[in-house]
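Welcome! Open your viewer, and let's take a walk through this structure one selection at a time.

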Amino acid sequence: MILNCTGLHKHFGALRAVDDVTLTVAAGARHALIGPNGAGKSTLFKLITGLLRPDAGRVELAGRDVTRETEVRRCRLGMSQTLQHASLFPSMTAAENIALAVQRHTGGRIRPVPRRQPHVHDRAAQLLARVGLADRGRVQVAALSHGERKQLELALALACDPRLLLLDEPAAGMSTAERTHLAALITDLPASVTVLFVEHDLDLVFELADTVTALHLGKILTTGTPQHIRASDAVRRAYLGTADREELFR
Amino acid sequence: MDGQPAGDAEERSAATDAERRSMAREAEPRPRGQETAQRPVGPEAEGRPVGREAQPRSVARTARHGPLLPAGLAAAVVAGLAAAPLFLAPFATTTLTRILVFALLAVSLDLLVGVSGLPSLGHAAYFGAGAYAAGWISIHTTSAVPLPLLAGAATGALAAAATGWVAVRAHGVYFLMLTLALGELLHQLAQTWDSVTGGANGMAAIPSAELGGEPLRLAGYVYWYVLAAALLGFLTLWLVARSPYGAALRGIRDNEPRMRALGYPTRIYKYAAFVLAGAVAGAAGGLLAAQERLVTPADLGFTTAALALLAVVIGGAGSLWGAALGAALVILVRDVIGPDLDGHGTLLLGVVFIAVVYLLPRGAAGLVRRRGR
């Protein structure tokens, strides 16, 4: 088990955003979190990454209790994320963005002395190529398209050499071509990288995921294979308020 | 901060059109698992591990402009500054000395404001603390050259270390207010701690700095001492800003939550920058004590802090050399043009500030950047 969440609670006033969620993610899994708006997916993500502290429950990363650890520490332990709205360094070029992530994770201490870092630049260029931005390295982030920014953010997350990669709506706002590229990229990730992702595009979810967890009103409805989820009445009801399979899955 | 001039952006996208096209080719689906094993490109591919040559390295490097032009320019400026007292009258030399001292303060503040995104309104506190410490050492112990300066830097660093841990927990306008409060606190301390600071009268009769047992009395010698020390300070800050640590500080300025998610302990990074800036400001204070030979509470008051921030904004935050230019402008207006305006120099500074904010949103440094990129 790479990730073990036990009895997680997070309340905002009377709203139970995450209500007793127990979630296990197997190492090497491609695990999707789905659920209608307000299901608590984003809050659960924040509890896992450490941006929010749970009111109760614990989070374990590879058997280690990280409930009280900061997101900085969790990143050092192999957890890496992309955010729903691409979160980058706008005054820098794409290559500089990645170099910033790479220099933290390769080549030792960050020193206050200028130095040539060929390994950082090589790795940054390699990551750029990997997400399909090979020739966009010198472009300022402000001049990148929305899809390109999301690709860049994925490269940033990969630069951390994650064991667990958390993607919050990776395909939101992407064109069809970019989406195809993203799907191929995620499929090609080595099995040493576990992926947990939130996504609204169910086609993409069923294409990529081997395990799907459906959330509704802060609680887990069900967890299972894509086939299981497709067949689940509870999931259909949560999404549509109806059990008519045709309307949801075409 | 990320707003690029529109014309610039168009130019760039035109230039990269070809690159886009080649990217589109590259985006074609490849056999699974081979996305890093790209086609070998030219001679570069020979003997290098697969996947390494995927990108010409230069793309990842940021080659803004050739290194020769700025280096030559810097050398010319340093040579000009070094030769200045040979041609200038003593009063002009003294003004130039004052500019250098204030420029070092402004550049150290720019490390916080422009590079790290920490707008401090209390930076003069560390400048003043350094000045008092250097003065005190000169009066009571020795004024032999590097010692008062080192005492100033150490005291500035200590004062920043003692107060900075609170300050770096705040963001944006709260950071501004907190540093303002801390600055006022130290200002009050300077005013009331009579036995050490001389209270409102200031610390007077500080002996001249001595080099090899000889006091530096001539304006020109004081100038060269200040110039040498200030250049050392500029160089330190410039190196830090260009280092991987400096890049991390810019990352924090741009997007601190993202930096934390990338595993950077941002608060410690900001704290270190705060202490370093305090140390350099303290060193600048040490130079002030050597030059004016009088330190008053005003030197660590709000006006000094605000003028330093003004210099940073006029010069263009983040470029360091821009802050030095801004400092020169501030001192020139205040000390050279001001007296001819019946003491309305501050008013003129206000007008200059408004003009700069309207005409050059990125300060003087923005002019060069626009052309350079």
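## A tour of the two chains

Begin in chain B by selecting residues 95-113. This stretch is 100% helix and 0% strand, and its end C-alpha atoms lie 26 Å apart. Keep in mind as you look around that this is a predicted model.

Next, select residues 145-166 of chain B. Here the chain is 95% helix and 0% strand, with 34 Å between the end C-alpha atoms.

You will find 17 helices and two strands. Chain B has 373 residues, and 47% of them count as buried. Among its contacts with a separation of 6 or more, 75% join residues 24 or more positions apart.

**Zoom in on one helix.** Select α8 of chain B, residues 172-192. How far apart are its end C-alpha atoms? They are 31 Å apart, which agrees with the 30 Å that its 21 residues should span at 1.5 Å a residue.

Which residues of α8(B) are buried? Colour these to see them: Phe175(B), Leu178(B), Thr179(B), Leu182(B), Gly183(B), Leu186(B), His187(B) and Ala190(B).

**Move over to chain A.** Give its two assigned domains separate colours: domain 1 covers 3-78 + 162-249, and domain 2 covers 89-160. The centres of domain 1 of chain A and domain 2 of chain A, taken over C-alpha atoms, are 26 Å apart. Where they touch, domain 1 of chain A supplies 10 residues and domain 2 of chain A supplies eight residues.

Select helix α6 of chain A, residues 176-187, next. With three residues, this helix gives the most to the side of domain 1 of chain A that touches domain 2 of chain A. By class, that side of domain 1 of chain A holds six nonpolar, three polar and one charged residues.

**Finish with confidence colours.** Colour chain A by pLDDT. The average for chain A is 87, and 95% of the residues score at least 70. Look for strand β8 of chain A (residues 194-198), where confidence is highest in the chain at 93. Then go to helix α10 of chain A (residues 245-249), where confidence is lowest, at a mean of 56.

Key. Residues are numbered from 1 along each chain as its sequence is written. Chains are lettered from A and ligands numbered from 1 in the order in which they are written. This is a predicted model: local features need pLDDT of at least 70, side-chain atom pairs count only at pLDDT 80 or more; totals for chains, interfaces and linings use all residues. Helices (H or I, at least four residues) and strands (E, at least two) are DSSP runs, numbered from the N terminus. A residue is buried if 20 or more other C-beta atoms lie within 10 Å of its own, exposed if 12 or fewer, and partly exposed in between; C-beta atoms are placed from the backbone. Two residues are in contact if their C-beta atoms, placed from the backbone, lie within 7 Å. Domain bounds come from an automatic or database domain assignment. Ala, Val, Leu, Ile, Met, Phe, Trp, Tyr, Cys and Pro count as nonpolar, Asp, Glu, Lys and Arg as charged, and the others, Gly among them, as polar. pLDDT is the predictor's confidence in each residue, from 0 to 100. The expected span of a helix is 1.5 Å times one less than its number of residues.
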